[in-house]
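Please read these notes with the structure open beside you.

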Amino acid sequence: MEQLIASSEAPARVNLLGMSRAQLEAFFLELGEKRFRAQQVMKWIHHQGVTDFALMSNLGKALRERLASVAEVRPPQVESRHDSADGTRKWLIRVEGGGLVETVLIPDGNRATLCVSSQVGCSLDCSFCSTGKQGFQRDLSAAEIIGQLWLAIDSYDAFQAGKGRVVTNVVMMGMGEPLLNFDNVVAAMDLMMDDLAYGISKRRVTLSTSGVVPALDRLAEISEASLAISLHAPNDALRDQLVPVNRRYPIRMLLDSARNYIDAQRDQKRVVTVEYTLMAGVNDQREHALELAQLLRDFPCKINLIPFNPFPNSGYERPSGNAVSRFWQVLVDAGYIVTVRTTRGDDIDAACGQLVGEVVDRTRRAERHRSRNEQAEVTA
Ligand code: SAH
Ligand code: SF4
């Protein structure tokens, strides 16, 4: 009872899960402890998956107790987990304040790519994205972002087995626009790449943006992660319709900023991944492919084609396999390296742009569907 009263009156404890190495060092210095404590605690949390300070055996008892009174290691709360027949695993995470976000792990041979969310919803409202249709609710904290990687590893018992590297690649391609949640995304990506945490190589941590140019310019100064840009159209007139942020930062500005980003990298062999979601009759015609080939001439990139993933009342359709192949061929003939993203986790709605959460409140879902129908009528 005494404890209950004490804890209900105590100020909120700080969550150490999302702190980068620099932040954790500052935290320990402020407690009057040595800097190296940060390194010990990071290893417990991110290498061993330990959340209980009492188990951190190389810290003295007094420090463990002190930590337990001012801090905590709190992973995200899993609402449900879904396993696809193809091995794809999806988590629905309940965040504080009531929203839901999704994380998807896609195994592929020796690799496994984790698709991580950065926001609850998204404010940028791309016309073909179900997350965009949801509107923006809030940014995820750094702990909620890195916590997605923590729990993916934990769910395979990989911490206990000492096989923390069950996730080999991370893509910031879940819900939200990562550059609009800049500081938290940067802190989380720092942890992904830090040897004291997950030690994933900078080439295997990818940030995807729809083109928030000023933030991308800032990122160039501080981050070594790989970059993907969501282009989806070969000219501004079409991109303005599909990706509204293009009206503020048009294609030329985005390509210049992306080039500047890779020029700023020490490792000069890097290229930008250009993502292009193909929608039947919208941006998948031969003339679009030719215009795209022309646009990206001299731009250091590889191209990733994503056949549109349908969701109810989207107003768009996925092109046929033949249409995708024809588009692909034009780009290959023009000398580009082009991959087509295969749809994974279809049976659990885990594909790009479908990440909206099944367990949304029914009224809100009905409203969303209504407004989508209205939009579809306007466009029709
Ligand atoms: N906000 C960031 C990252 C999240 S979206 C961005 O837009 O880049 C990850 C990728 O999935 C983006 O390229 C996005 O345009 C694409 N996408 C969104 N909805 C989709 C859909 N319904 N079908 C296929 N790809 C989609
Ligand atoms: Fe946001 Fe990306 Fe979806 Fe556009 S595609 S609405 S930027 S999550």
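1. Basis. This is a predicted model, in which local features need pLDDT of at least 70, side-chain atom pairs count only at pLDDT 80 or more, and totals for chains, interfaces and linings use all residues. Residues are numbered from 1 along each chain as its sequence is written, chains are lettered from A and ligands numbered from 1 in the order in which they are written, and side-chain values use heavy atoms, leaving out hydrogens and water.

2. Terms. Two packed helices are described by the angle between their axes and the distance between the axes. Axes are lines fitted to C-alpha atoms, for helices over the stretch in contact, and angles run from 0 to 180 degrees between N-to-C directions. Helices (H or I, at least four residues) are DSSP runs numbered from the N terminus.

3. Helices α8 and α10. Helix α8 (residues 213-222) packs against helix α10 (residues 251-263) at about 10 degrees, with the axes 9 Å apart. α8 is therefore roughly parallel to α10 (angles under 35 degrees count as roughly parallel). Contact means heavy atoms within 4.5 Å; α8 contributes Val213, Leu216, Asp217, Leu219 and Ala220, and α10 contributes Met253, Leu254, Ser257, Ala258, Asn260 and Tyr261.

4. Helices α11 and α12. The axes of α11 (residues 286-295) and α12 (residues 321-333) are 9 Å apart, at an angle of about 30 degrees. That makes this pair, too, roughly parallel. On the α12 side, the contact is made by Phe327, Val330 and Leu331.

5. Helices α6 and α7. α6 (residues 142-155) and α7 (residues 182-193) have axes that come within 8 Å and cross at roughly 35 degrees. Residues of α6 in the contact are Ala142, Ile145, Ile146 and Leu149. The contact has nine nonpolar, one polar and no charged residues (Ala, Val, Leu, Ile, Met, Phe, Trp, Tyr, Cys and Pro count as nonpolar, Asp, Glu, Lys and Arg as charged, and the others, Gly among them, as polar).

6. Ligand 1. Which residues come nearest to ligand 1? Of the 21 around it (a heavy atom within 4 Å), they are Gly176, Ser208, Ser230, His232 and Asn309. An oxygen atom of the ligand is 2.6 Å from a side-chain N or O atom of Ser230, and an oxygen atom of the ligand lies 3.1 Å from a polar side-chain atom of Glu275. A polar backbone atom of Asn309 is 2.9 Å from a nitrogen atom of ligand 1.

Definitions and conventions. Helices (H or I, at least four residues) and strands (E, at least two) are DSSP runs, numbered from the N terminus. Angles under 35 degrees count as roughly parallel, over 145 as roughly antiparallel, 65 to 115 as roughly perpendicular and the rest as oblique. A polar contact is a pair of N or O atoms within 3.5 Å; within protein, one must be able to donate a hydrogen and the other to accept it, and residues adjacent in sequence count only if both atoms are side-chain atoms.
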